[in-house]
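Hi everyone, thanks for coming. I'd like to walk you through one chain today, so please have a look at the screen.

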Amino acid sequence: MKIEKITVLGSGTMGHGIAQISAMVGYKVALRDIDQSFLDKAMEKIRWSINKLVEKNKLSREEADATLARITTHVDLKEALRDSDLVIEAVPEDLNLKKKVYSEVDRYAEEKTIYASNTSTLPITELASLTSRPNRFIGIHFFNPPQLMKLVEVIPSSSTEQEIIDTAIGYVRKVEKEPVLCKKDVAGFIVNRIFIPLVHEAAWILEEEKVEMRSIDASVKYKLGFPMGIFELADYTGIDVVHKATVEMHARDKKVINPSPLIEKLYKENRLGQKNGKGFYDYQQGSYTRIDLKEDEATYDPIRLLAVAINNASWLITNDVSSKEDVEKALRLGMGLRYSVFELAKNYGYDRIVNTLNKLSIRTEFYKPDPLLIKLK
Ligand code: 3HC
């Protein structure tokens with residue numbers, strides 16, 4: 001199936017990035033949001049990102065201008081969907097909102113249009129069932145920032161046609177990303193199944209072990225090889241995004257996460273992270289800022305974090321959601337991890353990891369060591 005025009009619904013963090021990378025490789029892109037001011041802000045971010053890529057010689061000035069010329073912005077949904085081959089929905093993670101959006105999309109979309117959702121946690125099969133074309137519906141899940149992260153998870157629903165899966169994978173390759181097929185429509189898919197519980201674990205450690213936030217973050221960065229600290233990453237992703245993902249994942253499967261009340265507290269206090277200037281850390285509002293973590297601050301032993309990460313990675317393999325190779329690839333390309341979690345676990349010792357989990361599993365089943373870890377021990 002030939003894709004020429006793409007409609008991106010929602011111009012937030014993910015939507016504007018998806019629109020940009022699609023236009024960069026030659027697709028015509030209609031970016032749609034409910035208010036022109038959101039679209040103006042999104043175009044400002046796209047221009048910032050494109051200028052960065054030009055500065056670094058990853059894009060020529062001509063390519064940059066051509067990219068911008070391929071993007072149109074729309075408040076009118078009917079106009080945005082005209083002649084569209086692929087719709088990628090990237091509106092906030094709220095099932096009722098998505099229901100409303102899909103019922104409107106169904107009113108105007110042409111017969112040929114394929115539906116995709118960039119949802120990070122909502123069940124693809126359930127979303128597909130809200131539409132007129134469940135067999136032409138698929139999850140295409142990008143990572144923040146889509147301009148730099150190489151991974152895209154492709155999640156078919158129980159009824160997605162093979163031709164649609166192939167077209168989605170073709171699109172992902174065309175935008176120069178690496179697809180990883182998520183074989184089962186499980187809560188959190190692959191990366192979020194590991195990332196979201198990790199944020200909560202770090203929050204528990206902060207409260208229970210009274211370790212400095214910067215020390216946890218520096219240890220995650222320098223000992224576990226993450227590009228950012230875990231609190232820094234939560235702020236960068238958005239506390240609202242982390243909170244909504246938590247609620248959805250936990251609603252689907254109680255064993256997938258041990259939610260720390262701190263995330264909900266930050267969310268309720270409107271500490272949303274980098275986007276509004278305050279989250280775990282304080283920021284200059286709206287701009288891309290990094291926390292300057294120093295190696296000598298990495299004094300915390302991150303065994304508990306590693307144990308939770310490797311346990312969830314093992315669950316994905318044991319339950320045939322993904323292969324070990326794809327889990328490793330997803331973490332490397334979706335979260336920028338420098339080391340293999342399985343190599344790290346071997347170095348820290350599977351024995352220690354299983355002991356750590358066993359001690360924690362008195363509290364909740366979430367920590368129960370996966371059979372794969374027991375085998376590796
Ligand atoms: N477009 C273009 N350039 C960008 C950019 C963007 N959107 N964002 C940042 N940059 C630029 C920076 O400005 C910087 O430029 P400079 O050298 O001129 O200052 C350059 O990229 C490199 O940035 P950093 O100096 O901050 O260096 P890093 O090497 O750490 O790279 C990063 C930045 C790629 C964001 C890296 O820190 C990273 O991989 N972080 C982890 C991100 C992650 O885990 N994402 C997934 C979150 S989970 C998710 O998205 C799923 C969802 O469903 C919740």
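Let me start with a question: which residues does Arg136 touch, not counting residues up to four places away in sequence? They are Met1, Glu111, Lys112, Thr113, Ile114, Tyr115, Glu161 and Ile164, where a contact means heavy atoms within 4.5 Å.

Before I go on, a word on what you're looking at. This is a predicted model, where local features need pLDDT of at least 70, side-chain atom pairs count only at pLDDT 80 or more, and totals for chains, interfaces and linings use all residues. Residues are numbered from 1 along each chain as its sequence is written, and side-chain values use heavy atoms, with hydrogens and water left out.

Okay, back to Arg136. You'll find Arg136 in the loop between α6 (124-129) and β6 (137-142). Helices here are DSSP runs of H or I with at least four residues, strands are runs of E with at least two, and both are numbered from the N terminus. Arg136 is buried but has no salt bridge. Buried means under 20% relative accessible area, exposed means over 50%, and partly exposed is in between, using a 1.4 Å probe and protein chains only. A salt bridge needs a side-chain nitrogen of Lys or Arg within 4 Å of a carboxyl oxygen of Asp or Glu. The nearest side chain of opposite charge is Glu161, 4.7 Å away; for charges, Lys and Arg count as positive, Asp and Glu as negative, and His and the chain ends are not counted.

Most residues other than glycine have a negative phi, and most peptide bonds are trans. Now look at Asn144 and Pro145: a cis peptide bond joins them, with omega about 0 degrees. Pro145 lies in the loop between β6 and β7 (151-156).

Then there's Asp83, not a glycine, yet with a positive phi of about 65 degrees. Asp83 sits in the loop between α4 (77-81) and β4 (86-89), and is partly exposed, at 38% relative accessible area. Lys210 also has a positive phi, near 50 degrees. Lys210 is in the loop between α8 (191-208) and α9 (213-222), and is exposed, at 70%.

Finally, the whole chain. How many helices and strands does the chain have? There are 17 helices and eight strands. And of the 377 residues, 58% count as buried. Along its principal axes, the C-alpha trace spans about 55 × 45 × 35 Å.
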